[in-house]
Amino acid sequence: MKITSVRLVNTRPKRPVPSYTPAPGSWSTQAVEVANPMSIYPRYKATRSLFFPDAGKVPGFTVEIATDKGVKGYGSGGAAGGVIVEGHLTKLLLGEDPFDIEKLWDIQWRSTMHYGRMGVTMNAISGVDLALWDLIGNALGMPVYKLLGGQTKDRIPAYCTGNDIEQHVEFGFKRLKLAMPHGPADGREGMRRNEEVVKRARAVLGPDGEIMLDCWMAWTERYTLEMAALLEPHRIYWMEEVLQPHDYAGFGRLRKAIRSTRIVTGEHEYGRYGFRNLLEHEAAEIWQPDLHWCGGLTEARKIAALAAAYDIPVIPHGGGTTQDGLHFIMSATNSPWAEMFLPPPGGPPEVYKRFEEEYRVTRGPEGIYTAPSDRPGFGWDFEPV
C-alpha cells in the first residue's frame with residue numbers, strides 16, 4: 001500500500017444537528033470574559049475574540065490521506081498547520097507506505113525542525129499523524145484503540161468544562177472544570193469574583209463532586225498562591241495552566257509550595273521534549289497534551305510512556321471532544337478521564353440526545369462516562385466536501 005494523495009478537505013457531519021441560539025447568559029469562551037495572557041491590556045480584556053485571529057484567517061485543518069488501494073484516513077491539526085501540510089509535508093509522504101508511521105513521523109519532525117519544533121509545524125504533523133492512524137485502522141477494519149493495545153477500562157469517566165454549571169450538573173456530571181474569569185489585572189475584587197464562581201459550583205455540585213480550575217496562562221506565581229489559599233475551603237481538585245507554558249521553573253515552585261490542590265499543565269506544550277522539561281522541573285502532577293497540537297497520536301504515546309514511568313496521569317486537553325482523543329484514552333492505562341464540552345443550554349432535545357449517541361454517554365457512580373467508536377479507524381461521523 002502506498003500513499004497517492006494528501007489534500008486538505010472541509011468536512012460536514014453525516015447527520016447534522018439543528019442549529020440554535022444558546023439561552024441568554026450561556027457560557028462561551030469567546031463571548032464572555034475569561035482570564036487570559038492578554039488581560040493586562042484593557043483593549044483586549046473583555047473576550048478572547050478581541051485578540052484571536054479573525055474567523056477563517058488562521059484556521060485549523062483536516063487532511064485526507066489516500067492510497068493506491070482506495071483506503072483513506074482523516075486527521076485534524078491545529079491553527080495554521082494546513083499550509084505546512086500542503087507546502088512541505090505532502091512531498092515527503094507521497095509514495096510512502098502509511099504503515100511506516102514511526103518513520104514518517106520522524107521524517108516530518110526532522111525536516112521541519114529548522115523552522116518549527118513547536119506551534120504551527122507540530123500542528124501540521126499532528127493532523128497528518130492522526131490521518132495515518134485512521135487510515136491504518138480503516139485498512140485493517142479495526143478501531144484505532146485496538147491497534148494501540150486494546151481496552152484498558154470498561155468506559156471512560158468524564159468531566160465537563162465550562163461555567164454553565166447548573167446545566168452540567170443536571171445532565172449528570174460530577175466533575176466540573178470552571179473557566180476562571182479574572183486574573184491579576186482585576187485585583188482583589190477579581191479574586192472575590194473567582195471565588196463566587198467556585199462557591200456557586202460547590203453549592204450546586206455538592207460536597208463530593210470534583211472542581212477543577214482552568215486559568216489559561218493568565219495568573220502569576222503570587223496570584224496563584226493567594227488564590228489557592230482563598231479557595232482551599234472549597235476543595236479544588238486541580239489548578240490548570242496558571243502560568244505561561246514556558247515557565248517550567250515557576251510551575252515547579254508552585255507545585256512544591258501548594259499542598260491544597262494539584263498543579264497541572266500541558267495543553268500548550270509540544271512533543272516529548274517539551275514534556276521532558278515539565279518532568280525535569282517537577283512542574284505538573286497531571287499532564288494535558290492536546291493530540292492535535294502535541295504531535296498527534298504517535299507522539300502522545302511517547303509522552304504517555306514517559307509519564308507512566310513516573311506515575312503521572314495524562315488527561316488530554318479536549319480528549320473527550322473528538323474520537324481520536326477517546327481512542328488514546330481508552331488504550332492508555334495512565335489516562336483516567338476525558339474532558340467534554342456539553343452543547344450550550346437552550347437547544348432542542350435532539351441536540352443533547354445526539355450528543356449522548358455520538359459520545360456513547362452512560363451514567364454511573366462517577367457521573368458521566370464516554371467511550372470511543374467501535375467502527376474502523378477513529379470511526380469519524382463526518383464526510384469530506
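This is a predicted model: local features need pLDDT of at least 70, side-chain atom pairs count only at pLDDT 80 or more; totals for chains, interfaces and linings use all residues.
User: Which strands do bridges join to β5 in parallel?

Analyst: Strand β11 (residues 338-340) runs parallel to β5 and is joined to it by 3 bridges, and strand β6 (residues 175-179), also parallel, is joined to β5 by 2 bridges. Two strands count as paired if DSSP finds at least two bridges between them. Cys 160 stands opposite Met 340 in β11, while the bridge partner of Thr 161 in β6 is Lys 177.

User: What about β13, parallel or antiparallel?

Analyst: Strand β13 (residues 367-370) runs antiparallel to β5, with 2 bridges between them, and Ile 156 stands opposite Thr 370 there.

User: Changing topic, what is the strand order in the open sheet with β1?

Analyst: That open sheet has 3 strands in the order β1-β3-β4, with antiparallel pairing. Its edge strands are β1 (3-9) and β4 (72-77), each of which pairs on one side only, and the twist averages 20° from one strand to the next. Strand β3 (residues 61-67) is joined to β4 by 6 bridges, and Phe 61 stands opposite Gly 77 in β4.

User: Which strands does α1 lie across?

Analyst: Helix α1 (residues 81-93) lies across β1 and β3, and runs at about 175° to β1. The axes are lines fitted to C-alpha atoms, for helices over the stretch in contact, and angles run from 0 to 180 degrees between N-to-C directions; contact means heavy atoms within 4.5 Å.

User: Now the second largest pocket: what is its volume, and which element gives the most to its lining?

Analyst: The second largest pocket has a volume of about 190 Å³, and β14 gives the most to its lining, with 3 residues. On a 1 Å grid over the protein atoms alone, a pocket is an open set of points with protein on both sides within 12 Å along at least five of seven lines, a cavity is a set where a 1.4 Å probe fits but cannot get out, and lining residues have an atom within 4 Å of a point. Grid points are joined across faces, edges and corners, and a volume is the space filled by probe spheres set on the points. The elements β4, α3 (120-140) and β14 (382-384) each supply at least two residues of the lining, and Lys 72, Tyr 74, Asp 134 and Trp 380 are among the lining residues.

User: How many cavities of 30 Å³ or more are there?

Analyst: The structure holds 2 cavities of 30 Å³ or more. The largest has a volume of about 40 Å³, and its lining includes Asp 290, His 317, Asp 324 and Gly 325. Asp 324 and Gly 325 are also among the buried residues of α11, a helix (residues 323-331) that is mostly covered, with 9 of its 9 residues buried.

User: Last one: Glu 241 and Asp 311, buried or exposed?

Analyst: Glu 241 is buried, with a relative accessible area of 1%, whereas Asp 311 counts as exposed at 71% relative accessibility. Phi is near 50° for Glu 241, a positive value in a residue other than glycine, and near 55° for Asp 311, again a positive value in a residue other than glycine. Most residues other than glycine have a negative phi. Glu 241 lies in the loop between β8 (238-240) and α8 (248-257), and Asp 311 is found in the loop between α10 (296-308) and α11.

Notes:
Residues are numbered from 1 along each chain as its sequence is written. Side-chain values use heavy atoms; hydrogens and water are left out. Helices (H or I, at least four residues) and strands (E, at least two) are DSSP runs, numbered from the N terminus. Buried means under 20% relative accessible area, exposed over 50%, partly exposed in between (1.4 Å probe, protein chains only).
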